[in-house]
Every structure is written in C-alpha cells, then in structure tokens.
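Subject: Structure handover

Hello,

Here is the structure you will be taking over. Please have a look at it first; notes on what was found follow below.

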Amino acid sequence: QVHLEETGGGLAQPGGSLELSCAASGIDFSRYMMGWYRQSPGRQREAVARVSRGGRILYEDFVKDRFTISRDFAENKVNLRMDSLEPEDTAVYFCGADYISGKGEVTEYWGQGIQVTVSS
C-alpha cells in the first residue's frame with residue numbers, strides 16, 4: 001500500500017521558516033518524481049517545487065530563492081525548507097509522487113496534505 005506522510009506544517013510569522021517532510025512507502029522511491037504542491041481556498045492545486053529521480057530540481061517562480069527542496073534516497077523522504085514565508089504562502093501543502101512509464105502511462109500518488117499558515 002502506498003503511503004505519503006507529510007509532517008512539519010503549522011503556524012509561522014511572516015518572514016519566518018518552516019520545514020516540511022514527506023516519508024514515502026509502498027513505492028520504488030528511486031523511480032518517482034517527487035514534489036510539493038499547495039492549494040489555498042478557492043484556488044486550484046499548484047506545483048511548488050519538484051525533484052526528479054535524477055535529482056533535477058524545478059521551482060515555481062513564486063518560491064525561488066525562498067524554498068529549498070531536497071530528496072533523501074536512503075530514507076525515502078522529500079523535504080521542503082521554506083524561508084522568508086509570506087502570508088500568501090498560506091495553504092494546504094501536499095506531497096506528490098509521479099511516475100511515467102515508457103508507454104506514457106502516468107501513476108501518481110498524493111499525501112493527505114498538511115496545513116501551513118503564515119500570519120502575525
């Protein structure tokens with residue numbers, strides 16, 4: 001059974017920091033692109049940062065130079081360090097795992113999501 005468990009959310013002040021962690025089980029972690037996504041009320045889920053199985057990192061423009069994604073193949077974890085947080089970063093953050101087969105078939109899994117609130 002596939003399970004993506006997010007930890008580390010909570011409340012931070014503007015300008016503060018939080019670190020999210022996602023522990024993956026039930027998948028061949030090394031074959032999946034791992035990423036962090038977020039969804040705020042009234043908006044669609046959006047990508048935040050992703051790291052490919054080869055280690056290539058993609059950040060969305062709105063988090064560049066503020067957030068850092070990292071991947072631990074030994075522990076099957078993907079982490080998101082969030083610095084210089086802004087109220088606009090308030091959202092439910094989701095861990096996602098994606099795999100595209102050689103035939104183009106997409107397999108994806110999601111965590112349950114974890115709340116991040118940035119407020120003074």
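With which side chain does the side chain of Asp98 make a polar contact? The partner is the side chain of Tyr37, at 3.4 Å. A polar contact here is a pair of N or O atoms within 3.5 Å; within protein, one must be able to donate a hydrogen and the other to accept it, and residues adjacent in sequence count only if both atoms are side-chain atoms.

Before the rest, some ground rules. This is a predicted model, in which local features need pLDDT of at least 70 and side-chain atom pairs count only at pLDDT 80 or more, while totals for chains, interfaces and linings use all residues. Residues are numbered from 1 along each chain as its sequence is written, and side-chain values use heavy atoms, with hydrogens and water left out.

Asp98 lies in strand β9, residues 91–100 (strands are DSSP runs of E, at least two residues, numbered from the N terminus). Asp98 is buried, meaning under 20% relative accessible area with a 1.4 Å probe, protein chains only. Even so, Asp98 has no salt bridge (a side-chain nitrogen of Lys or Arg within 4 Å of a carboxyl oxygen of Asp or Glu). The nearest side chain of opposite charge is Arg50, 7.1 Å away; Lys and Arg count as positive, Asp and Glu as negative, and His and the chain ends are not counted. Beyond four places in sequence, the contacts of Asp98 (heavy atoms within 4.5 Å) include Arg31, Thr107 and Glu108.

Strand β9 also holds Cys95. A search of the whole structure finds one disulfide (cysteine sulfur atoms within 2.5 Å). The disulfide joins Cys22 to Cys95, S to S 2.1 Å. Cys22 sits in strand β3, and the two cysteines are 73 residues apart. The link is left-handed, with -75 degrees about the S-S bond. Cys95 counts as buried because its relative accessibility is 0%, and Cys22 is buried as well. Among the residues that Cys95 touches are Met34, Trp36 and Trp110.

Last, the largest nonpolar core has 29 residues; such a core is a set of buried Ala, Val, Leu, Ile, Met, Phe, Trp, Tyr and Cys residues joined through side-chain atoms within 4.5 Å. Met34, Trp36, Leu80, Met82 and Tyr93 touch the most other members. The largest share, five residues, comes from β9. Leu80 touches, among others, Trp36, Phe67 and Tyr93.

Regards

Technical notes:
Helix = DSSP H or I, 4+ residues; strand = E, 2+ residues; numbered from the N terminus. Buried < 20%, exposed > 50% of the residue type's maximum accessible area, 1.4 Å probe, protein only.
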